[in-house]
Amino acid sequence: MSIDWAAFGQVFGVTLVVTVGIVGLFTVGIVGTAPKPGGEGEAAVATAPGAGARAGALAAFALCAAAVAYGIYLIVAA
């Protein structure tokens, strides 16, 4: 039995890059939906994110869901 180390390295590299990318996209989505801190003082009230931030967050979440769905498709189709 022999191990193709080049193929193993390619799989490891692609997996690492895709994992970091999906986690980064999910982080962007969470930050986009988080309330923004208010000003200083006792009456500091957090404000809701704007429409652009919310749309970007939803796009990031949609890309994460698409990546997960594609991965499931690759597993099931085989």
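Biologist: How many helices and strands are there in the protein chain?

Modeller: This is a predicted model, in which local features need pLDDT of at least 70 and side-chain atom pairs count only at pLDDT 80 or more, while totals for chains, interfaces and linings use all residues. Residues are numbered from 1 along each chain as its sequence is written, and side-chain values use heavy atoms, with hydrogens and water left out. Helices (H or I, at least four residues) and strands (E, at least two) are DSSP runs, numbered from the N terminus. On that basis the protein chain has two helices and zero strands.

Biologist: What radius of gyration does the protein chain have?

Modeller: The radius is taken over C-alpha atoms, and the globule rule is 2.2 Å times the number of residues to the power 0.38. Along its principal axes, the C-alpha trace spans about 70 × 25 × 15 Å. A compact globule of 78 residues would be near 12 Å, but the protein chain has 19 Å.

Biologist: How far does helix 2 reach from its first C-alpha to its last?

Modeller: Helix 2 covers residues 51-77. The expected span of a helix is 1.5 Å times one less than its number of residues. For the 27 residues of helix 2 the expected value is 39 Å, and the model comes close to it with 38 Å.

Biologist: Which residues are buried in helix 2?

Modeller: Buried means under 20% relative accessible area, exposed over 50%, and partly exposed in between (1.4 Å probe, protein chains only). Buried residues make up 8% of the 78 residues in the protein chain. Those of helix 2 pack against helix 1. They are Ala57, Ala60 and Cys64.

Biologist: Why does Gly32 count as buried, and which residues does Gly32 touch?

Modeller: Gly32 lies in helix 1, residues 5-33. Gly32 counts as buried because its relative accessibility is 10%. Contact means heavy atoms within 4.5 Å. Not counting residues up to four places away in sequence, Gly32 touches Pro49, Ala53, Arg54 and Ala57.

Biologist: What distance separates the C-alpha atoms of Thr15 and Leu58?

Modeller: Thr15 is in helix 1, and counts as partly exposed at 44% relative accessibility. Thr15 and Leu58 are 43 residues apart along the chain, and their C-alpha atoms are separated by 24 Å.

Biologist: Is Ile75 buried or exposed?

Modeller: Ile75 is placed in helix 2. Its relative accessibility is 66%, so Ile75 counts as exposed.
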